[in-house]
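Dear colleague,

Please find below the sequence and structure that I am handing over to you. I would be grateful if you would look at the structure before reading my notes.

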Amino acid sequence: MNENHAGKMHEFFIITSDDVQRALKAAANNEPAAQMPSVQMALFAIGGAMNEVIKRGKTEHPMICVCCGCAFNAGQVPKAFGVLLPMFPQEGQYVGAHGICERCADRADLQEQILKTLQEQFPSWQFSKASGTRQ
Ligand SMILES: [Zn+2]
């Protein structure tokens, strides 16, 4: 992980697996919305996270749900992702997708929970909810 000094402000999105399907379909159809840098970055981050889920699912350090800490593996994949995108994108900045399990995806306080976890993991960073984020 690269901690860039200028890059501590991040936008935060909740992206469900349905959103991912839609974005992939839009990309396949060459729709302009799919070409937006934020969409591209989010898909890239989610692809990386899914890779980690599968790879680490067999180890003693699986990826865990950002809300409840349950473990993911090939048989239990995230239902949604909390995606962090830099507000001022620069080379080498952190773009990350954090898995959310099926149970937590329906929580009413999902955003607050994720923000709390992120704030603990990255104490010096600033997070703001992206506009258009599901309430
Ligand atoms: Zn969970």
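The notes that follow describe the overall architecture, the confidence of the model and the nonpolar core.

Please bear in mind that this is a predicted model. The mean pLDDT of the protein is 87, and 91% of the residues score at least 70. Among the elements, helix 3 (residues 102-105) has the highest mean pLDDT, 94, whereas strand 4 (residues 126-129) has the lowest, 83.

The protein contains 4 helices and 4 strands, which run β-α-α-β-β-α-α-β from the N terminus on. Its radius of gyration is 14 Å, close to the 14 Å that the globule rule gives for 135 residues, so the protein is as compact as a globular protein of that length. The C-alpha trace spans about 40 × 35 × 30 Å along the principal axes. Of the contacts between residues at least 6 apart in sequence, 66% join residues at least 24 apart.

Buried residues account for 21% of the 135 residues. The largest nonpolar core comprises 22 residues; those with the most contacts inside this core are Ile-15, Ala-42, Ile-46, Ala-49, Phe-81, Val-83 and Ile-100. Strand 1 (9-16), helix 2 (37-57), strand 2 (80-86) and strand 3 (96-100) are the elements that each contribute two or more residues to the core.

Leaving aside residues up to four places away in sequence, Phe-81 touches Ile-15, Ile-46, Ala-49, Ala-97, His-98, Gly-99 and Ile-100.

With kind regards

Notes: Residues are numbered from 1 along each chain as its sequence is written. This is a predicted model: local features need pLDDT of at least 70, side-chain atom pairs count only at pLDDT 80 or more; totals for chains, interfaces and linings use all residues. A nonpolar core is a set of buried Ala, Val, Leu, Ile, Met, Phe, Trp, Tyr and Cys residues joined through C-beta atoms within 7 Å. A residue is buried if 20 or more other C-beta atoms lie within 10 Å of its own, exposed if 12 or fewer, and partly exposed in between; C-beta atoms are placed from the backbone. Two residues are in contact if their C-beta atoms, placed from the backbone, lie within 7 Å. The radius of gyration is taken over C-alpha atoms; the globule rule is 2.2 Å times the number of residues to the power 0.38. pLDDT is the predictor's confidence in each residue, from 0 to 100.
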